[in-house]
Amino acid sequence: MTQGFTNEELRDAAAEAGISPAELRDALVRRDPAALVPVGPAQLETRVAAAPARALTLVRERIEHDTGLRGHHQGEDRFDIVDDRDGVTYDIRVRTDEAGGALVRVEVVGTSGALALAGGGLGGAAALMVLVGLVASSTILWLGGLGVAGIAVMFTLLQLGRIGRARRRAEGIAAAALSAASEAPR
């Protein structure tokens, strides 16, 4: 959804105007670069007036520049940039638009494996302390287990907030890269 419109509403608006949804997306991007139309959760797509290989290079180079990272090819029409620090992957895909240009899609994928591992470790420690408390019937062990469980919950909530901020930042970087590529000369 962008600017309060669903993808279906955008298709309907394009049909009423007698243009394609891709042309409507292009017009929205020209009017407001932040108006890139999401294709799905954390996916952005726009038309670039360049050959697919050139369009992929334009978007890839901008994201690499903005993040300070290097990615790797996944074939001729796909490129991935993994940001372990922020826990996201930029999955860049390109295809021809059948009019001499390209449609470029960037999907920002969360890679929160470290969060799951850390949360699982803290949760496991809390469960172990509670089980030992059950066996030993010690109030101190019960309180310790509940304290560790509380810390695990707080840690997880803080990490989820950090991941949300990192994902929004990554989506902004992807939107800027797509906007710059759509304005680049052929």
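Which side chain does a polar contact of 3.1 Å join to that of Glu45? In this predicted model the partner is Arg105, whose side chain is joined to that of Glu45 by a polar contact of 3.1 Å; a polar contact is a pair of N or O atoms within 3.5 Å, where within protein one atom must be able to donate a hydrogen and the other to accept it, and residues adjacent in sequence count only if both atoms are side-chain atoms. A further polar contact, of 3.4 Å, joins the side chains of Glu45 and Arg95. Glu45 lies in strand 2 and counts as buried because its relative accessibility is 5%; buried means under 20% relative accessible area, exposed over 50% and partly exposed in between, with a 1.4 Å probe and protein chains only.

The model is a predicted one, in which local features need pLDDT of at least 70 and side-chain atom pairs count only at pLDDT 80 or more, whereas totals for chains, interfaces and linings use all residues. Residues are numbered from 1 along each chain as its sequence is written, and side-chain values use heavy atoms, with hydrogens and water left out.

The protein chain contains five helices and six strands, arranged along the sequence in the pattern α-α-β-β-α-β-β-β-β-α-α. These elements are DSSP runs numbered from the N terminus, with helices (H or I) of at least four residues and strands (E) of at least two. Of the 186 residues of the protein chain, 35% count as buried. Among contacts with a separation of 6 or more, 53% are made by residues 24 or more positions apart, a contact being heavy atoms within 4.5 Å.

Pairing of strands, for which DSSP must find at least two bridges between them, links several of these elements. Strand 2 and strand 6 run antiparallel and are joined by six bridges, with Val106 of strand 6 as the bridge partner of Leu44. Strand 6 is also joined to strand 5, again antiparallel, by nine bridges, and here Tyr90 has Val108 of strand 6 as its bridge partner. The hairpin of strand 5 and strand 6 has five residues between the strands, and Glu98 takes a positive phi near 65°. Strand 5 pairs in the antiparallel sense with strand 4 over six bridges, where Ile81 has Tyr90 as its bridge partner in strand 5. Four residues separate the strands of the hairpin of strand 4 and strand 5, in which Gly87 has a positive phi near 75°. Strand 4 pairs in turn with strand 3 (residues 72–73), in the antiparallel sense and over two bridges. His73 stands opposite Phe79 of strand 4, and in the turn of this hairpin, which has four residues between its strands, Gly75 has a positive phi of about 115°.

In soluble globular proteins, nonpolar side chains tend to be buried together. A nonpolar core is defined as a set of buried Ala, Val, Leu, Ile, Met, Phe, Trp, Tyr and Cys residues joined through side-chain atoms within 4.5 Å. The largest such core comprises 27 residues, of which Val59, Ile63, Tyr90, Ile92, Val104 and Val106 touch the most other members. Two or more residues each come from strand 2 (43–48), helix 3 (52–67), strand 4 (78–83), strand 5 (88–96), strand 6 (102–110) and helix 5 (139–183). Helix 5 gives the most, with seven residues. Beyond residues up to four places away in sequence, the contacts of Ile92 include Leu56, Val59, Ile63, Phe79, Ile81, Val104 and Val106.

Arg60, another residue touched by Ile92, lies over the face of Phe79 at 5.2 Å from the ring centre; a charge sits over a ring if NZ of Lys or CZ of Arg is within 6 Å of the ring centre and within 35 degrees of the ring normal.

Glu64 is placed in helix 3 and is buried because its relative accessible area is 5%. The side chain of Glu64 reaches the backbone nitrogen of Gly71 at 3.0 Å. Residues up to four places away aside, Glu64 touches Leu69, Arg70, Gly71, Phe79 and Ile81. The C-alpha atoms of Glu64 and Ala177 are 9.6 Å apart in space, with 113 residues of separation in sequence.

Ala51, in the loop between strand 2 and helix 3, counts as partly exposed because its relative accessibility is 42%. Apart from neighbours within four places in sequence, Ala51 is in contact with Gly100 and Ala102.
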